[in-house]
Amino acid sequence: MDLIKAIIIAIIEGLTEYLPISSTAHMGFTASLMGLEETEFLKMFQVSIQFGAILSVVVAYWKKFFDFKNLKFYYKLGFAVIPALVLGYIFDDMIEAVLGNQIAISSVLVLGGVVLLFADKWFKNPVINDEKDISIKKAVTIGFWQCLAMMPGTSRSAASIIGGMTQGLSRKAAAEFSFFLAVPTMLAVTVYSVFVKTWGKETANPMKGYEMILESQDHITIFIVGNIVAFIVALIAIKAFIGVLNKYGFKPWGWYRIFVGIALLIYFYYFK
C-alpha cells in the first residue's frame with residue numbers, strides 16, 4: 001500500500017466514521033476496488049486510523065470533553081463503553097474473519113439501509129434533547145446497542161444512534177451521544193489493535209501493530225499521514241452530518257446504503 005492509496009482510505013474513514021453507513025465496510029470496499037492485498041498491516045491500518053477520527057470529536061466538542069465539573073458525563077461514557085470492550089474482546093477473532101467476506105458485509109449494508117428507512121417513523125416523540133438528561137442506565141443500554149456494529153457493515157454510528165432513539169433521545173441528541181461514545185470505544189480499539197493484539201497469528205511472522213508500524217519508514221509515514229487525514233475529514237463530516245440529519249432524517253442514508261449495497265453485491269458476486 002503506497003501513501004496515495006493510504007490517504008484515499010483515510011479520507012473514506014474520515015467521511016464515514018460518524019455517518020450511519022459503516023466506515024469498516026467502505027474502507028474494505030475501497031481497498032478491494034484499488035486492488036490492495038489484504039495484508040495484516042492493511043487490516044491494522046484500517047482500525048488504527050480511527051484514532052484520528054476520534055480526535056476530531058474531542059476538538060469539535062472540546063467544551064464537553066474538558067468540562068471537569070461535569071463528572072457524570074465521564075461516568076456515562078465509562079459505563080456505556082463496557083459492553084463493547086467485553087464483547088469485542090470475546091468476539092475479536094470472529095469479527096476479523098468476517099472482514100474479508102465482502103458479500104456478507106454488502107448484505108448487511110442493504111439490511112441496515114432498510115432499517116434506516118423506517119427509523120424516523122418508529123421514534124417520533126423524543127423526550128431527551130440534551131446529554132445531561134441521559135441517565136447512566138440509558139447510556140449503558142445505548143452501549144449494548146453499539147455492540148451490534150461488531151458485525152462489519154452494520155455501522156457503529158447507526159447502531160448507537162438508533163439505540164439512543166429507543167431510549168427517548170432526539171435525533172440530534174442521539175447522534176451527539178454516539179459521537180461522544182465513539183471516543184472511549186475507538187480509543188480502546190485503537191490501543192488494542194496497535195499495542196495488544198498480535199496480528200497474523202497463523203503466519204510465519206506474527207507481529208504487534210506497533211511492530212508493523214515501526215517496520216519501515218514507509219509504514220510510519222502512512223500511519224501518521226493516515227491519522228492526520230482522517231482527523232481533518234472527520235472534523236468536517238461531523239458538522240455536515242448533524243445538519244443533514246436534522247433536516248432530512250435517516251432516509252437519505254437508508255437509500256444510500258441500499259443502493260451501494262446492491263451495487264457492491266453485484267460487483268463482488270459477478271466480477272470478483
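Here is a walk through the structure above, one region at a time.

Before you start, keep in mind that this is a predicted model, where local features need pLDDT of at least 70, side-chain atom pairs count only at pLDDT 80 or more, and totals for chains, interfaces and linings use all residues. Residues are numbered from 1 along each chain as its sequence is written, and side-chain values use heavy atoms, with hydrogens and water left out.

Let's begin with the record. UniProt, in an unreviewed entry, places the feature "transmembrane region" at residues 41-61, 73-91, 97-119, 179-200, 220-242 and 254-271. Those positions follow the numbering used here, with feature names shortened, and such annotations may be inferred rather than shown by experiment. What does the model look like in these spans? Residues 73-91 are 95% helix and 0% strand, with end C-alpha atoms 28 Å apart. For residues 254-271, the figures are 94% helix and 0% strand, and the end C-alpha atoms lie 25 Å apart. Helices (H or I, at least four residues) and strands (E, at least two) are DSSP runs, numbered from the N terminus.

Now go to the start of the chain. Ser-22 sits in the loop between helix 1 (3-16) and helix 2. Its phi is positive, about 75°, although Ser-22 is not a glycine. That is worth a second look, because most residues other than glycine have a negative phi. Is Ser-22 buried or exposed? Its relative accessible area is 3%, so Ser-22 is buried; the cut-offs are under 20% for buried, over 50% for exposed and in between for partly exposed, using a 1.4 Å probe and protein chains only. Leaving aside residues up to four places away in sequence, Ser-22 touches Thr-16, Leu-109, Gly-153, Thr-154, Ser-155 and Arg-257. A contact here means heavy atoms within 4.5 Å. Ser-22 and Ile-105 are 83 residues apart in sequence, yet their C-alpha atoms are 9.6 Å apart in space.

His-26 counts as buried because its relative accessibility is 9%. Again not counting residues up to four places away, the residues that His-26 touches are Ile-12, Thr-16, Ile-21 and Tyr-256.

One of the contacts of Ser-22 was Ser-155, so let's go there next. Ser-155 lies in the loop between helix 9 and helix 10 (156-166). Ser-155 has a positive phi too, near 95°, in a residue other than glycine. With 4% relative accessibility, Ser-155 counts as buried.

Next comes helix 10. How many of its 11 residues are buried? The count is 10, and the helix is mostly covered. Among the buried ones are Arg-156, Ile-161 and Met-165. The cover includes helix 8, helix 9, helix 11, helix 13 (217-248) and helix 14 (251-270). Just after helix 10, Gly-168 takes a positive phi of about 90°.

Helix 9 (residues 136-146) and helix 11 (residues 171-196) also meet each other: their axes come within 11 Å and cross at roughly 70°. Axes are lines fitted to C-alpha atoms, for helices over the stretch in contact, and angles run from 0 to 180 degrees between N-to-C directions. Helix 9 and helix 11 are therefore roughly perpendicular, a label for 65 to 115 degrees; under 35 is roughly parallel, over 145 roughly antiparallel and the rest oblique. Ala-139, Ile-142, Gly-143 and Gln-146 in helix 9 meet Phe-177, Leu-181 and Thr-185 in helix 11.

Finally, look for salt bridges, meaning a side-chain nitrogen of Lys or Arg within 4 Å of a carboxyl oxygen of Asp or Glu. The whole structure has six. In one, Lys-43 meets Glu-40 at 3.1 Å, N to O. Both lie in helix 3 (residues 40-48), three residues apart, about one turn of the helix. An α-helix has 3.6 residues a turn, so residues three or four places apart point the same way.

Lys-76 pairs with Glu-131, their closest N and O atoms being 2.9 Å apart. Lys-76 is in helix 6 (residues 71-90) and Glu-131 in the loop between helix 8 (102-122) and helix 9, so the pair ties together parts 55 residues apart in sequence. Lys-76 and Glu-131 are both buried, and together with Lys-64 they are linked in a network of salt bridges. Arg-171 forms a salt bridge with Asp-120, the closest N and O atoms being 3.0 Å apart. This pair links distant parts of the chain, with Arg-171 in helix 11 and Asp-120 in helix 8, 51 residues apart.
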